[in-house]
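Welcome, and thanks for taking a look at this one with me. Have the viewer open as you read, and we will go through the fold piece by piece.

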Amino acid sequence: MVGCARSCDRDGVSGASPARRGEPRLAAGRARALGLATRGTTNPNRLRRVDRWIVGTQAARLRGVSAPLVVDLGYGSSPVTTVELFERLERVAPGVRVVGLEIDRERVAAAEPAARPPGLAFARGGFELAGLRPVLVRAMNVLRQYETPAVGPAWASILDRIAGGGLLVEGTCDEIGRRACWFAIDRPPGESGQPGTSLFTSTFTSTFTSTRPWPWPGTPTLTLAAHLPSLGRPSELAERLPKALIARNVPGDDVYALLSAFDDAWTRMAPRAVFGPRQRWVAAVESLRADGWPVRGNRRRWRLGEVTVAWPPTPTPTPASRDVPAAGG
Ligand SMILES: C[S@@+](CC[C@H](N)C(=O)[O-])C[C@H]1O[C@@H](n2cnc3c(N)ncnc32)[C@H](O)[C@@H]1O
């Protein structure tokens, strides 16, 4: 299922012969790359929120290894966001190397003039990471164009290849980067699985984001980030949920409960809006945490219009019953 993008034909693959049942689909070509080329839409600075989070929370992870290697998977029709990632990471992790991987050959060729050896390079590759073993993989707006059942195998393929102690950052954002949501899934230090012998304890299905126990030894988080002046209410972020969650925003599911609770808290904190949307967001996040949501981080991050929650939340907090104070009260 790995290669089943939205452009699939009835056999689940476009422009390639159908794979045998259970086998990952491969893009055609000499160097086999897992996945299929999809639309290459990107924009300068589109990924600033996820990059700010990586820089602000993951610099120690990068500095903790010598010559840290980062992969930007699926950079699109222009390498601009990979260049930006490199420039941002260089400031906090000198010596970092960033490799932009794309499954589309023409996009790799087009990116090559932007390379800055030895720090920044571009190559063809897919979910198999072209044989690299990075400490961090950023894959933004890549899985969005696949079918939901392809997500689990894609995660498994990437996570099995990430270095022990590494991290996968996978999610979605809008075209100009004002709203973004991503999972961060770590690979515990010392885990030394080899490609082909997955560390996943069960086969991922489309319901895996609610599976307990989580079928992976690491501790995932879900981060929601928004440009607050243009945000009406937190649940507007639903449109940009990572692919694994987009169809799960329905009553009874964790992500629906989270967004509903966040909207409720946002409504209750309306009086804080006089101090600006940041104050209101921070107060709403604090309220979520007080209600039992496993919120990570601190006000310094929440002030940026971010919230990070351990995922799946265990157990799902139940809505607190309380009166909504009148605005200004
Ligand atoms: C919508 S663009 C995203 C560009 C950039 N990451 C961004 O967020 O602006 C998605 C890109 O991912 C590429 N892609 C899709 N599946 C891939 C895979 N398995 N491995 C590498 N690239 C892939 C597509 O060819 C496309 O260029």
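## A walk through the model

The buried residues of helix α7 pack against α6 (254–268), β8 (295–296), α8 (299–302) and β9 (306–310). The model you are viewing is predicted. The buried set in α7 consists of R280, W281, V282, A283, A284, V285, S287 and L288. Helix α7 covers residues 277–290, and its 14 residues should span 20 Å at 1.5 Å a residue; the end C-alpha atoms are 20 Å apart, so expectation and model agree. Just after α7 comes G292, with a positive phi of about 105 degrees.

### The chain as a whole

Stepping back, the chain has 8 helices and 9 strands. Of its 329 residues, 46% are buried. Among contacts with a separation of 6 or more, 69% are between residues 24 or more positions apart.

Where do the nonpolar residues gather? In soluble globular proteins, nonpolar side chains tend to be buried together. Here the largest nonpolar core has 78 residues, and V137, I158, L168 and V169 touch the most other members. Helix α6 gives the most to this core, with 7 residues. Domain 1 (48–221) and domain 2 (250–310) both contribute residues to the core, so it lies between them.

Leaving aside neighbours within four places in sequence, V137 is in contact with V71, L73, I158, I162, L168 and V169.

What covers the buried residues of α2? The covering elements include α1 (48–63), β1 (69–73), β2, β3 (120–124) and β4 (136–140). The buried residues themselves are T81, T82, V83, L85, F86 and L89. The length check works for this helix too: 13 residues at 1.5 Å each should span 18 Å, and the end C-alpha atoms of α2 are 19 Å apart, which agrees.

A93 sits in the loop between α2 (80–92) and β2 (97–102). Is A93 buried or exposed? A93 is buried, because 23 other C-beta atoms lie within 10 Å and the cut-off for a buried residue is 20 or more. Not counting residues up to four places away in sequence, A93 touches A59, L62, R63 and P68. A93 and Q58 are 35 residues apart in sequence, with a C-alpha to C-alpha distance of 9.9 Å.

For another pairing across the sequence, turn to A257 in helix α6. The C-alpha atoms of A257 and T318 are separated by 8.2 Å, and the two residues are 61 residues apart along the chain. A257 counts as partly exposed, because it has 18 C-beta neighbours inside 10 Å.

### Backbone angles worth a look

Most residues other than glycine have a negative phi, and most peptide bonds are trans. The table lists some places in the model that depart from this pattern.

| Site | Feature | Angle |
|---|---|---|
| P117 to P118 | cis peptide bond | omega about 0 degrees |
| W311 to P312 | cis peptide bond | omega near -5 degrees |
| A130 | positive phi, not a glycine | phi about 50 degrees |
| N141 | positive phi, not a glycine | phi about 65 degrees |

Where do these sites fall? P118 lies in the loop between α3 (105–111) and β3, while P312 is in the segment after β9. A130 belongs to the loop between β3 and β4, and N141 to the loop between β4 and α4 (151–159).

A130 is partly exposed, with 18 other C-beta atoms within 10 Å. N141 counts as buried, with 27 C-beta neighbours inside 10 Å.

### Around the ligand

N141 also takes us to the ligand. Which residues come nearest to the ligand? Of the 26 residues around it, the nearest are G35, T42, G74, G76 and N141. The shell divides into 11 nonpolar, 10 polar and 5 charged residues.

Methods. Residues numbered from 1 in each chain as written. Predicted model: local features only at pLDDT ≥ 70, side-chain atom pairs only at ≥ 80, totals over all residues. Near = placed C-beta within 6 Å. Nonpolar A, V, L, I, M, F, W, Y, C, P; charged D, E, K, R; others polar. Helix = DSSP H or I, 4+ residues; strand = E, 2+ residues; numbered from the N terminus. Expected span 1.5 Å × (residues − 1). Buried ≥ 20, exposed ≤ 12 C-beta atoms within 10 Å, placed from the backbone. Contact = placed C-beta atoms within 7 Å. Core = buried A, V, L, I, M, F, W, Y, C linked by C-beta atoms within 7 Å. Domains from an automatic or database assignment.
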